[in-house]
Structure formats: C-alpha cells, structure tokens
Amino acid sequence: MKIPLTARLAACAAVLIGLGQTASAAEILIVNEKSSPESLTVAPGGVLIVGSASTPYVYKVRPGSNTPEMFVDASGEGAGTFFLGMLADAASNTLWTCQLTPVPGATPAKRRSALRGFDLSTGAQKLRWDLPGDNTTCNDFTVGPDKALYITDTPNSKIYKLPAGASAAELFLEDRALYGIDGITFLNGALYVNNVFSNNLYRIPVDASGKPGQPVDIWMDQPIKGPDGMRAAHGKLLVAENGSGKISVITVNGDKASVEVIKTGLKTPTAVEPAGDVVWIAERGAGKAVSIPMPK
C-alpha cells in the first residue's frame, strides 16, 4: 500500500519530535521503532542532524526547539531511497550524506549509492557523486588532515577519496581485508577503519606521497561485534557495536589496542558522535537517539 506523502511526512515529524531539547546524559530523544536512525551528526551551534534508514529524509532540529525541520527530501530519487552516513563538515559548511536507492527489479537485490553534499545552512545541494558500479553501499566518511573526504564502500572493499574542492572522488584503496568496511576516522593523524563483517579494526598506513599501504590488523584485547559507526575523541576511538548492543572506547597502542565498554543494552547501535561533554548514539533498532556522558 502506498502511503500518501503527507502521511509519511507527519510520521517522520513525529519520529523526531524532541530532538531539539537540550541534551543531558542518557536522555532519549527519539522514540519510534520505525524511524531507524542509522547515523547522526552535530552541526555548528548544536544543531542535530539525523538521517533515516527507513525513509528518504534527513531532518535537523535546532537547540531549544522541539520541532523537526526537513533538511533533505530525497523522495524523488526512487522507491526505497534511504540514508546511511551523516557528517557535518564545519570547515566547508557541508553536510555529507550517503544516499542509497534499490535497483528496481534486480535479482539478487542491488543498490546504488551516492555521496551527496548539502549546504549546512540552507540545505541546498553542493555536490553529488555516484559511486561507480551497479551494486554499491556508500556507508560512512571522515575528513582527513589534508581536508579530503574519505568514503567507505562496504561490499566492494573500497575507500574513495574526494580531495578538497574536487567534484568527483577517486579510488584511494581497494583491498580484500576491506570487504565489510564500515566506520572510518582519523586518530592522531592516522587513518583507521573497522569491518562490520569480520569484526576487525585496521590502520591504513599512508606514505609521505599520500599513497596507502596494506591494512594493518590491530589486535584487540577483547572482541567487538558488528563494529559500525566510529569517531575519534580525546585520543581514542569511539565505536558502535551493532551486533552486541554496546558502545566501546578503543585505546590504540601501536598494533595493539584495549577495549573498554561504556554502554550496554542498546538495540542495534549504528553511530556515535562526540559533541562536547556527551556522546550521541543512533540506536537504530529501537528508533532512538540517546546521549551519554563523554568518557574521560
């Protein structure tokens, strides 16, 4: 049954009511199991931006407001369109998003994805780059010290690089170890990625010319399950474990790392976002966004 657009908009608005409240530790800000908030980010001024893995919309909520505003409407992109990664890049005033759309009639199922950039202030599109291939998954991204955007393609074992000011990305690295690549971030100038299929953490060595080397497997003192969104804060990695319902802090020391669980009991957490003295979590399976105290 096709749901009228007005009804879908009303439902999505209901999903996000409460997002703009001042965030305190452990406060639940989304309560709707059907909202599937897969990724979120915090823009300058404390504006919270949330994408949905079940609708073709991205919303923002201003601090002190309970009213969600539609920021991106991708309903014209094709049936089943949804969003994964979200990243507010304050330096370029850009919201980076990963948009996915199923390929109609494809058996087995296929999805095409696009990196889309929008003006953080107005929501106007600034850039669109379709990932090459007939079955892609733009999943997440990070901005490097070189101001380039690094993008993960989960089923194709690839990292793409969009140089600052460029209109199209280029292949940065393809490696069998990256089959299942998901979260990506820089920590102390080094590039780290995780693998949601194999539950591994890798450092990507980069030489002086900017050329990447073979991924280095980081040994962890306890297993992680379903590592998804990953960000760096206070010299450590924050990781959402979608397979175990946990948020963990990983302290890397050379090619080894220690894992400390800071939150348990979550239902499919898929994203983390450090923001001041709190960490935002997208709890996709429960349709919630929650905040917890930033670990020291």
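In the predicted model, K161 and D146 form a salt bridge, with 3.4 Å between the closest N and O atoms. K161 belongs to strand β11 (residues 158–162), whereas D146 sits in the loop between β9 (138–143) and β10 (149–153), so the contact ties together parts that are 15 residues apart in sequence. The two partners were assigned to separate burial classes: K161 has a relative accessibility of 16% and counts as buried, while D146, at 37%, counts as partly exposed. K161 is placed in the buried class because its value falls under the 20% limit for that class.

The salt bridge between K161 and D146 is one of 8 found in a search of the whole structure. Two further salt bridges involve E77, one with R116 and one with R128.

In the pair formed by R116 and E77, the closest N and O atoms are 3.8 Å apart. This pair links distant parts of the chain, with R116 in strand β7 (residues 111–119) and E77 in the loop between β4 (69–73) and β5 (82–89), a separation of 39 residues. The distance of 3.8 Å qualifies as a salt bridge because the criterion requires the nitrogen to lie within 4 Å of the carboxyl oxygen. R116 is buried, its relative accessible area being 8%. E77, in contrast, is partly exposed, with a relative accessibility of 29%.

The side chain of E77 also meets that of R128, at an N to O distance of 3.0 Å. Here too the partners come from distant parts of the chain: R128 lies in strand β8 (residues 125–130), and E77, in the loop between β4 and β5, is 51 residues away. R128 has a relative accessible area of 33% and is partly exposed.

Salt bridges with shared partners join E77, R116, R128 and D130 into one network.

L48 is located in strand β2 (residues 47–52). Its relative accessible area is 2%, and L48 is therefore classed as buried. The C-alpha atom of L48 is separated by 5.5 Å from that of K60, a residue 12 positions away along the chain.

Definitions and conventions: Residues are numbered from 1 along each chain as its sequence is written. This is a predicted model: local features need pLDDT of at least 70, side-chain atom pairs count only at pLDDT 80 or more; totals for chains, interfaces and linings use all residues. Side-chain values use heavy atoms; hydrogens and water are left out. Helices (H or I, at least four residues) and strands (E, at least two) are DSSP runs, numbered from the N terminus. Buried means under 20% relative accessible area, exposed over 50%, partly exposed in between (1.4 Å probe, protein chains only).
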